[in-house]
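Please look over the following model.

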Amino acid sequence: MLHDPNHLYIFDTTLRDGEQVPGCQLTTTEKVEIAKDLELLGVDIIEAGFPVSSPGDFQSVVELSKAVDDVIICALTRAHKTDIDVAADALKYAKRPRIHTGIGASDMHIQYKFNSTREEILERAVAAVKHAKSYVEDVEFYAEDAGRADLPFLAKMIEAVIAAGATVVNIPDTNGYCLPDQYGAKIKFLTEHVSNIDQAIISAHCHNDLGLATANSIAAVQNGARQVECTINGIGERAGNTSLEEVAMILKVHQQHFPGIHSNINSKMFTSLSQKVSRMMRMPVQPNKAIVGKNAFAHSSGIHQDGFLKHRENYEIIRPEDVGLDSADIILTARSGRHALKHHLERLGYQLDKDQLSEVYGRFLTLADAKKDLNDEDLQTLMQA
Ligand code: KIV
Ligand code: ZN
């Protein structure tokens, strides 16, 4: 498959790895709404579901295939003939269908999940790719638990599935086990030891069990991966998957470290889409979550507020406008300084000289010690006292 070597393909699995989280299930109508937003966001691939898992998931893949025009619609399978048959059926309306099939690659999975041998697993992997290929041109193969797999065996498996027709090879760190330099080295090893690697795109699929999913995905890109599998808000199995918005903003902020690499993501949609996904999936976003958390652009300590108000770039590496926010927040708490208080009072129309500000600031601190944070109404009350 010909592809632009500088394009970073964004594979969104919010509706598959994300949606399998307990309590996050969506109706087909909700999935279609999110898929249309993902298309507008600029993702390249939407993993729409695991069709054999339930009639509802099958139907969702059918409806998403009809609803989305430009984005590749991908369906997950195990390396089972029936799974692949069902996925191909669910994808029958997709304008750009992809089957994502795979099997465990680590000795742990081979022995304790499949009670099998490396040789047998290799045969099953190749057979699954060949069967998927009989339905669609675009076949992605995942080597589950690749993060803990023996590297020469992983390379052998990847070479065999590419020879069988895989267009994308997914190297999942299924258990979120790897350190960034280990995961990056794994990707590099594959680029150097798989003879036909130029015929496929390497994909990073990282879990966040040690809080390293995004760092590992970025290490993968630095070492040759050109597809990242991620979710909105980083939702996903256990501690979650790589967060789409984090990857996109890292590439933007550190563009000079990724010369020429680009994606189609429109980051201005991040805030609204994050809130929609959180609401629909009943999964709150932690306030300190990078990029989309409530506090991601909120400055609350006096030292930071003063520096920010003097020159925003003292404390701002991302412009809030770039992720769809109007502006940063200057929160008023008992840790705030005079500069922040003055800023808010001026916004409300109060001009105070130095002595007046000191007097109001004393009363402000007494109130702020008693109350967690202060709003405009509190400031009006303070000024009228
Ligand atoms: O984490 C994982 O290994 C997966 C595969 C099914 C791609 O989600
Ligand atoms: Zn996963």
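## Surroundings of Phe153

In this predicted model, Phe153 touches Ala105, Ile110, Arg118 and Leu122, leaving aside residues up to four places away in sequence; contact means heavy atoms within 4.5 Å. The C-alpha atoms of Phe153 and Leu122 are 9.3 Å apart, and the two residues are separated by 31 residues along the chain.

Phe153 lies in helix α7 (residues 151-163). Helices are DSSP runs of H or I with at least four residues, strands are runs of E with at least two, and both are numbered from the N terminus. With a relative accessible area of 5%, Phe153 is buried. Buried stands for under 20% relative accessible area, exposed for over 50% and partly exposed for values in between, using a 1.4 Å probe and protein chains only.

## Zinc site

Asp17 (OD), His205 (NE2) and His207 (NE2) coordinate the zinc ion (ligand 2) at 2.1 Å. Donors are N, O and S atoms within 2.8 Å of the metal (3.2 Å for Na, K and Ca), and since water is not among the atoms, sites may look incomplete. The sequence spacing of the donor residues is D-x187-H-x1-H.

Distant parts of the chain are linked here: Asp17 belongs to helix α1 (residues 14-18) and His205 to strand β7 (residues 201-206), 188 residues apart. Asp17 and His205 are both buried.

## Helices α2 and α3

The axes of α2 (residues 28-41) and α3 (residues 55-67) come within 9 Å and cross at roughly 35°. Axes are lines fitted to C-alpha atoms, for helices over the stretch in contact, with angles from 0 to 180 degrees between N-to-C directions. From α2, the contact involves Thr28, Lys31, Val32, Ala35 and Lys36; from α3, Gly56, Asp57, Gln59, Ser60, Glu63, Leu64 and Ala67.

## Whole chain

The chain contains 15 helices and ten strands, and its C-alpha trace spans about 80 × 40 × 40 Å along the principal axes. Of its 385 residues, 54% count as buried. Among contacts with a separation of 6 or more, 73% come from residues 24 or more positions apart.

## Conventions

Residues are numbered from 1 along each chain as its sequence is written, while chains are lettered from A and ligands numbered from 1 in the order in which they are written. Local features need pLDDT of at least 70 and side-chain atom pairs count only at pLDDT 80 or more, whereas totals for chains, interfaces and linings use all residues; side-chain values use heavy atoms, with hydrogens and water left out.
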